[in-house]
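Student: I have a protein model to read. Please show me how to approach it.

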Amino acid sequence: MYEQWIIALLIAPLAISLASFACGVTKTRTICTALHVTGLILMLAFTLQIINGVLTQGEISALHNWVYIDSLSAIFLGLIAIVGTLAGIYSIGYIGTEYREGHLDLKTYCNYYGFLHLFFFTMIISVITNNVILMWAAIEATTLSSAFLVGTYKQKTSLEAAWKYIIICSVGVAFGLYGTILTFSNGTNLLADPSQAIFWTAVNQQAGELNHGLMYLAFAFILVGFGTKCGLFPMHTWLPDAHSEAPSPVSAVLSAVLLNCAMLVVLRYYILVSKAVGADYPQTLMLVFGLLSTGIASFFIIMQHDIKRKLAYHSIENMGLISFAFGLGGPVGAFAGLLHTITHSLAKALLFCASGNILLKYRSRDIHEVSGLWRTMPFTAVLFAGGALALGGMPPFGMFTSEFAIAVAGIYAGKIWLIVLCLIFLTIALAGLTTMLLKTVLGKPKEGIE
């Protein structure tokens, strides 16, 4: 019943992408912008139809079992559509301004929208596919499509960030391929029809009988491999450069959506391994990587003077916190992890877009050069301050609820000292955000800024 909506959801961004590239050849900027808006509307409409199907019948399996959408993947699919649409709408003004001021030429303008919708296409595949090999290929494809977006400005720093992004993520995700192959080979030895081992749902049904030794090794590879794309420590080094050098709408999508796509893949294997060898092993790895990411990132946040790099390190911190929440286990931990995923995505998208306004006005990302936002850009100042307070976990924002739920999950799990340590890291990160707000929102504007 919903198969036609899934096909339409896959075709729409790919078709819009190809048409946008064609506009770059024919030099038709207005048509390119119209195509972009059309693509956003179609992506959101088709996604809402599919999510409605999941709410109605619980899960959707389509295209000969190659597509599987349950309540978990529906959450991540919804984030792609909602955040992607909001960032896409913001792109119209942001990229239009960059074009009018001569920072982008017409071909780059059209290619930007082409790669943006291609990026949406690869992320959608990564969250709805049931094929474990295609799941890996889609995550790898997100790197290739988004790398061109990171290097949009073609400056030395942005091109360096794009190459660093490609190299580190390609090497990291290669480890994810090893884990994928181990899981697939494990499934072929178990299932009556070995060809079904390519499908996650088929392996999941028999996950309790998977070879323990192989699954121990597979999850280690999976967490290192796809954890690279999540920005988990110590595979996080690509993220601050890529997020800070990309155009602000792209930074919003990278931080608020792409990292979540990789986390969903980790969760898929987390489910398999928990059934195969018990929950203790995957939870321990998630806790270790999550707490290390949160801790290391919190100290880097304090040291940063670049607004977008500071926000990028907050992405590392929050992805670590999400991993930590799932590592705590139990229904409260799962609820906290999913809620934090949603709230972080919305807050981070808002902050990166607000930072884009600041960059267009001040032509600087240095917090020492940006001051007096409350006078020069009062509306942006309110959004920027509100987003920062939300990201810091201050009440009454949603991230306060998710972080409180993480603390509750830790208490239920009997990991009091880990929670105390995590709260210390969160306090340090909040101090970094507070410093940024005091220096940028308050004070007097620089001379020449009105």
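Tutor: Some ground rules come before the features. This is a predicted model, where local features need pLDDT of at least 70, side-chain atom pairs count only at pLDDT 80 or more, and totals for chains, interfaces and linings use all residues. Residues are numbered from 1 along each chain as its sequence is written, and side-chain values use heavy atoms, leaving out hydrogens and water.

Student: How many helices and strands does the protein have?

Tutor: Helices (H or I, at least four residues) and strands (E, at least two) are DSSP runs, numbered from the N terminus. Here there are 17 helices and 2 strands.

Student: What does the radius of gyration tell me?

Tutor: It is taken over C-alpha atoms, and the globule rule is 2.2 Å times the number of residues to the power 0.38. For 450 residues, a compact globule would come near 22 Å; the protein has 21 Å, so the two agree. The C-alpha trace spans about 70 × 55 × 40 Å along its principal axes.

Student: What share of the residues is buried?

Tutor: Buried means under 20% relative accessible area, with a 1.4 Å probe and protein chains only. In this protein, 59% of the 450 residues are buried.

Student: Which residues touch the most others in the largest nonpolar core?

Tutor: A nonpolar core is a set of buried Ala, Val, Leu, Ile, Met, Phe, Trp, Tyr and Cys residues joined through side-chain atoms within 4.5 Å. The largest has 133 residues; among those touching the most other members are Ile6, Ile128 and Phe384. Helix H10 (residues 248–277) gives the most, with 21 residues. A second, separate core of 15 residues includes Leu291 and Phe425.

Key: Buried < 20%, exposed > 50% of the residue type's maximum accessible area, 1.4 Å probe, protein only.
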